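Colleague: Please show me the model, and then let us go through it with a few questions.

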Amino acid sequence: METRARITAAVRELLAEGSFHETAVEQVAERAGVSRATLYQHFRSRLDLIDAICETFDANPVLQRLRQTVVLPDPDAAVHETIGLSMQFWAIEDAVLAPLYGVEAIDPAAHDLVQRQRADRRSEMQRLAHHLHAKKRLRPGMSERRALDLLMLFTSYETFRELRFSGLTDAQLTKTLQESARTLLLR
C-alpha cells in the first residue's frame, strides 16, 4: 500500500507541475522511487494512474463533507454549504485538475476522469435539487430539472476557474455563487 501511495503522490506532483502528460512511465516510477516493473505491478497503464488520482479525490475530507451537506435539514444551508464546499474542493485540487481538464479532449484517461467527476457531481446535485423541491424551497416556476441545471453551473470546476481567472479571490467567488444561487433558486 505504501508503494501505491508513493506512485500516486508522484503522479499528483507531475500533474501539479504540468509535466505528467509528457512524462514516460519510467519517469513516474523514478519519481516514486520504484522500478518500472513495480509500477506495473500496481498500475497496468497511464489510465490506471489517472484512476488512482480519482481515488485520492474520493478520500478528500471536503468532498466527503459535501456528500453529507446536500441533504442538510435546512435546505438554504444545504445550498450555501454545497457551493462553499464545492469551491473549496476545486481550490484544493486545482493544481491537479487544471492539467487534466486541459487535456480532456485529447487524453482518454483525463476524459474518463472528468466525465466520472461530472456524473458524480450531477448525482449529488440531483439529490440537492430533489431536496429543495420536496421542502418547497424552490422559487415559484422553478422546476426541479431547472434547479439541477443551475446547481451544476454553480458548482462546476469551469465556473470556479472562470471566476478565479476574472480576478476574484476564492472567498469572493464563493460568495458570488452563493448569493446568485439564493437569488435564482430559492423562495
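This is a predicted model: local features need pLDDT of at least 70, side-chain atom pairs count only at pLDDT 80 or more; totals for chains, interfaces and linings use all residues.

Modeller: Residues are numbered from 1 along each chain as its sequence is written, and side-chain values use heavy atoms, with hydrogens and water left out.

Colleague: At what angle do helix α4 and helix α7 pack?

Modeller: Helices here are DSSP runs of H or I with at least four residues, numbered from the N terminus. Axes are lines fitted to C-alpha atoms over the stretch in contact, and angles run from 0 to 180 degrees between N-to-C directions. For α4 (residues 46–58) and α7 (residues 108–134) the axes are 9 Å apart, and the angle is about 25°.

Colleague: Are α4 and α7 roughly parallel or roughly antiparallel to each other?

Modeller: Angles under 35 degrees count as roughly parallel, and those over 145 as roughly antiparallel. The angle of α4 and α7 is about 25°, and these helices are therefore roughly parallel.

Colleague: Which residues in α7 does α4 meet?

Modeller: Contact means heavy atoms within 4.5 Å. From α4, the residues L47, I50, D51, I53, C54 and F57 take part, and they meet A109, A110, D112, L113, R116 and Q117 in α7.

Colleague: Is H131 buried or exposed?

Modeller: H131 lies in helix α7 and touches V70, V71, L72, P73, P75 and A78, not counting residues up to four places away in sequence. Buried means under 20% relative accessible area and exposed over 50%, with a 1.4 Å probe and protein chains only. The relative accessible area of H131 is 11%, so H131 is buried.

How values were computed
Helices (H or I, at least four residues) and strands (E, at least two) are DSSP runs, numbered from the N terminus. Angles under 35 degrees count as roughly parallel, over 145 as roughly antiparallel, 65 to 115 as roughly perpendicular and the rest as oblique.
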